[in-house]
Amino acid sequence: MHFSQLLSVLLATGVLAVRASNCPPFPSSMTVFSFEFKQPDPPVIKAEFKTNFIQHKWNHNLSHITTGYINNSPSQSFVRADEAFDGSLVSSYFNYANTTKEGLVDNIMTTYGHGSDEPAMWRGFVNSNFPLFPEDILVKYGAVFGGLVRRKFNEHPMAAWNMLYQGVIPVTVYVSNCNVMVGYDYFSPGLRTRVITEYFNIQV
């Protein structure tokens, strides 16, 4: 099976998982140009999950696309991201129980380079592309409803929620009618960096 065929199967599986849910649809009061519209309260999300992902990060100096697998575990205060890009495999463990006052996260990164016999290991504090999403994150940051939108790997509309992560970084979190995250986007003002992250094959 070719990679493109395999990816199509994986994406279809992820869509079916959302479609097969028994959760009620979003109410008409969440349709922005409806006379019934009323600003909804931010939901509590289902925060313990594993998922495939694809991410694109870019600014004037780079265009970086990566894909892999994320384990988001607020109960254990970590995010693990296993990803593939540029002929390398990288596993990053972000320990959110060990952060600096500036919000940098303890990261252990293991890289398996193309043609290399031994992995390279690095540890330090970073500003992670993979935030930890606890169940009350939208409530904690006072997220504002941004409308019902379409996401690439989901058949049905998703609710967009806009917030300032750590009080400084504009983040949009996309949530299904089952209160399951399906991805997030953010803009980092410092280096004028834009990041788009899509989830599929989500396991809550």
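Which residues do ring pairs link into a cluster? They are Phe49, Phe133, Tyr184 and Tyr199. Rings of Phe, Tyr and Trp (its six-membered ring) pair if their centres lie within 6.5 Å. Planes under 30 degrees apart count as stacked, over 60 as edge-to-face, and the rest as tilted.

The model is predicted: local features need pLDDT of at least 70, side-chain atom pairs count only at pLDDT 80 or more, and totals for chains, interfaces and linings use all residues. Residues are numbered from 1 along each chain as its sequence is written, and side-chain values use heavy atoms, with hydrogens and water left out.

Start with the layout. The protein has 2 helices and 11 strands. These are DSSP runs, numbered from the N terminus: helices are H or I with at least four residues, strands E with at least two. Read from the N terminus, the order is α-β-β-β-β-β-β-α-β-β-β-β-β.

Now the sheet. Its 11 strands form an open sheet ordered E6-E5-E4-E3-E2-E1-E11-E10-E9-E8-E7, with antiparallel pairing. Two strands pair if DSSP finds at least two bridges between them. The edges are strand E6 (120-126) and strand E7 (144-149), each pairing on one side only. From one strand to the next, the twist averages 20°. Axes here are lines fitted to C-alpha atoms (for helices over the stretch in contact), and angles run from 0 to 180 degrees between N-to-C directions.

Take E3 and E4 within it. They pair in the antiparallel sense over 8 bridges. Arginine 80 has tyrosine 93, in E4, as its bridge partner.

Tyrosine 93 also takes part in ring pairing. The whole structure holds 10 aromatic pairs. One of them joins phenylalanine 78 and tyrosine 93, stacked at 5.2 Å centre to centre with 20° between the planes. Phenylalanine 78 lies in strand E3 and tyrosine 93 in strand E4, so the pair ties together parts 15 residues apart in sequence. Phenylalanine 78 is buried, at 10% relative accessible area. Tyrosine 93 is partly exposed, at 34%. Buried means under 20% relative accessible area, exposed over 50%, and partly exposed in between (1.4 Å probe, protein chains only).

Phenylalanine 153 and phenylalanine 200 form an edge-to-face pair, 5.3 Å centre to centre and 75° between the planes. Phenylalanine 153 sits in the loop between E7 and E8, and phenylalanine 200 in strand E11, so this pair ties together parts 47 residues apart in sequence. Phenylalanine 153 is buried at 11% relative accessibility. Phenylalanine 200 is buried at 5%.

Next, the interior. Buried residues make up 41% of the 204 residues. The largest nonpolar core has 39 residues, and Leu138 and Tyr199 have the most contacts inside it. Such a core is a set of buried Ala, Val, Leu, Ile, Met, Phe, Trp, Tyr and Cys residues joined through side-chain atoms within 4.5 Å. Its largest share, 6 residues, comes from E8. Leaving aside neighbours within four places in sequence, leucine 138 is in contact (heavy atoms within 4.5 Å) with Pro42, Pro43, Ile45, Ala143, Trp161, Met163, Val173 and Val175.

Threonine 31 lies between helix H1 (3-19) and E1. Its relative accessible area is 38%, so threonine 31 is partly exposed. The C-alpha atoms of threonine 31 and leucine 148 are separated by 6.8 Å, though the two are 117 residues apart along the chain.
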